[in-house]
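Here's a quick briefing to read alongside the structure.

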Amino acid sequence: MAKNRNDDFVTEITPKSEDFSRWYTDVVRKAELADYSPVKGCMVIRPYGYALWENARDLLDARIKATGHMNAYFPLFIPESLLKKEAEHVEGFAPEVAWVTHGGSNELEERLAVRPTSEAIICSMYSKWVQSWRDLPLLINQWGNVVRWEKVTRFFLRTTEFLWQEGHTAHATAEEAQEETLKMLGVYKDFLEEDLGIPVITGIKTEKEKFAGADRTYAVEALMSDGRALQAGTSHNLGQNFAKAFDIQFEDKNQEIQYAWSTSWGMTTRTIGALVMTHGDDNGLRLPPRVAPYHVVIVPIKAGNYEEEVLPAARELEELLRTAGLRVYLDDREEYTPGWKYNEWEMRGVPLRAEIGPRDVKNKQTVLVRRDTRDKTFVPIDHVPGAAATLLDDIQTSMLSTARDFMETNTHPVKDFDKFREIMSGPRGFLKANWCGDRDLEVEIQQETSATIRCLLPDEEPTGPCFYSGKPAKHVAIFAKAY
RNA sequence: CGGGGUGUAGCGCAGCCUGGCAGCGCACCUGCUUUGGGAGCAGGGGGUCGGAGGUUCAAAUCCUCUCACCCCGACCA
């Protein structure tokens, strides 16, 4: 009977297997992460979704600061002349830039771009701030919003305006810039895996896929549960391209004038989408404890001496958990039954639920239920903070390992194109193959299978010929259909 | 930007073909009984049918234009 009722509930969210896109949209809306807005292509991030973003943001911010960076804030608007200084850069972004042409009713002498990214305005400032080798490295990060006029949008994954952080650094040597680029790639990997429970592959982008204006682009690529890849963060070594375009010069220790070497790296609200698609199931969200808006939701059972005993005990439990440093929500709404609340909070992904009713009050215990496995444990009240912390740690690590198992079983070594096509038209996933490096063939494969090279693995040597051309392979590549 | 689809109550939809009282489920409000896996009964409120124009005695329904959103491509984080 209970099972049937639960099945009824599930019909509110389209099952993942039936229609993944719809499942995703249903979860985002039902869990109140975001809603459509009156502005085309722009979404409203609702409080629950924003709390999730804030937690993720704070954890990443701490990692960025721990590696020596400071936050700053640069303007939203970029004069057209500045944006045009780096040729490849402007060409890459031109199709999706929003322009401000009027101030009030007066037409502006020079159009202002609403930043699609801030290299231009930040580098123009760096040229003022950098004079000497002593001014380097310059390690600055910015949290903000950017606008890219996208034709097709989807909650979190692609919206016209999105939130992100963008780091911009300048260095005295190519080696330092490269070290920085890889260091931040590592920061992203650690953040995604340890804090969000999203396992990733790191690698370098091909010429075709790299950032407009970069020498080299590195990326962290995650595998969503529908077998499509999602780029969850990028780190660019910009070489001296922007330094030359924006005149960032300094006098080195040998009294010679040099152009600086710069990097930029970014991570966006898109990671929230990755979180949903990596961990969610047919009952809704599953949130890793480190970023969950609530670690524990307490559901008091209205029965027996509810007002006199159960509710006060629930409040004490709330206080106990809060004092232990956990994010707690006591759901004492009287208009919903316990069963309704169980389903509601499971749908919203709260990692741990504490049930407390007359029986528990009598036995001085509570029932802790995990969202990920639905396992129940009876825990004496005094032991609850410790037990909850242990369970939350376990949920965090087991979510990562479940996701990692999925990624590994869906990473397919491929030796020939027939196999490649077969997997791409079936379960998809990451396809790992020897690659000759020919850009035209990369386009050809994309046209035929819609798979692109997500990244090349710099640490792996190809052990045979290119799977597609049969020519000698230069790289090991990861192919996938990307978001 | 190309192909396909959908706009009717907060959400999900029926009604449209064949023009004639704007409906259903959930949600919401009031009351009572309930509450350990989405409670029951009774009563109630909420709509310029995406928008504009046209045909008609009469338009959610037919015609024209338009806007928005969704899905699949191409492009991107």
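Chain A comes with an average pLDDT of 93, and 98% of its residues score at least 70. Keep in mind that this is a predicted model. For the complex, the predictor reports a pTM of 0.95 and an ipTM of 0.88.

**Confidence**

**Pocket and cavity**

- A water-sized probe rolled over the atoms shows where empty space remains.
- The largest pocket holds about 1400 Å³ of space.
- Of the 44 residues lining that pocket, Glu96, Arg148, Glu150, Gln231 and Arg270 are the closest to its centre.
- Helices H5 (87-93) and H9 (270-279) each give two or more residues to the pocket lining, as do strands E8 (161-171), E11 (229-239), E14 (261-268) and E22.
- There is one cavity of 30 Å³ or more, and the largest cavity has about 50 Å³ of space.
- Its lining is made up of Val297, Trp345, Glu346, Val350, Leu352, Arg353, Val369, Arg370 and Arg371.
- Helix H11 (338-347), strand E17 (352-356) and strand E18 (365-370) are the elements that give two or more residues to the lining of this largest cavity.

**Aromatic pairs**

- The structure holds 22 aromatic pairs.
- In one of them, the ring centres of Phe417 and Tyr468 are 4.8 Å apart with planes at 85°, so this pair counts as edge-to-face.
- Phe417 belongs to helix H14 (417-424), while Tyr468 sits in the loop between strands E22 (452-456) and E23 (475-480), so the pair ties together parts 51 residues apart in sequence.
- Phe417 and Tyr468 are both buried.
- Trp435 and Phe467 make another pair: their ring centres are 6.5 Å apart and the planes meet at 40°, so this one is tilted.
- Trp435 is in strand E21 (430-435) and Phe467 is in the loop between E22 and E23, so here the parts tied together are 32 residues apart in sequence.
- Trp435 and Phe467 are buried too.
- How do these rings join up? Ring pairs link Phe417, Phe420, Trp435, Phe467, Tyr468 and Phe479 into a cluster.

**Charges over rings**

- Lys253 has its charged end over the ring of Trp133, 4.6 Å from the ring centre.

**A glycine and a proline to look at**

- Gly429 is in the loop between H14 and E21, and its relative accessible area is 0%, so it counts as buried.
- Beyond four places in sequence, Gly429 touches Leu223, Gly227, Asn410, Phe479 and Ala480. Phe479 is also one of the rings in the aromatic cluster.
- From Gly429 to Leu223 the C-alpha to C-alpha distance is 6.9 Å, although they are 206 residues apart in sequence.
- Pro312 is found in helix H10 (306-323) and is partly exposed, at 28% relative accessibility.
- Leaving out residues up to four places away in sequence, Pro312 touches Tyr306 and Glu307.
- Pro312 and Pro300 are 12 residues apart in sequence, with their C-alpha atoms 9.7 Å apart.

- As background, most peptide bonds are trans, and most residues other than glycine have a negative phi.
- Leu136 and Pro137 are joined by a cis peptide bond, with omega at about -5°.
- Pro137 has its place in the loop between helix H6 (119-129) and strand E7 (138-147).
- Glu32 has a positive phi, near 60°, in a residue other than glycine.
- Look for Glu32 in the loop between helix H2 (20-30) and strand E1 (34-36); at 31% relative accessibility, Glu32 is partly exposed.
- Phe156 also has a positive phi, near 65°, and is found in the loop between E7 and E8.
- Is Phe156 buried or exposed? Its relative accessibility is 2%, so Phe156 counts as buried.

How values were computed:
Residues are numbered from 1 along each chain as its sequence is written. Chains are lettered from A and ligands numbered from 1 in the order in which they are written. This is a predicted model: local features need pLDDT of at least 70, side-chain atom pairs count only at pLDDT 80 or more; totals for chains, interfaces and linings use all residues. Side-chain values use heavy atoms; hydrogens and water are left out. Rings of Phe, Tyr and Trp (its six-membered ring) pair if their centres lie within 6.5 Å; planes under 30 degrees apart count as stacked, over 60 as edge-to-face and the rest as tilted. Helices (H or I, at least four residues) and strands (E, at least two) are DSSP runs, numbered from the N terminus. Buried means under 20% relative accessible area, exposed over 50%, partly exposed in between (1.4 Å probe, protein chains only). A charge sits over a ring if NZ of Lys or CZ of Arg is within 6 Å of the ring centre and within 35 degrees of the ring normal. pLDDT is the predictor's confidence in each residue, from 0 to 100. On a 1 Å grid over the protein atoms alone, a cavity is a set of points where a 1.4 Å probe fits but cannot get out, and a pocket is an open set with protein on both sides within 12 Å along at least five of seven lines; lining residues have an atom within 4 Å of a point. Grid points are joined across faces, edges and corners, and a volume is the space filled by probe spheres set on the points. Contact means heavy atoms within 4.5 Å.
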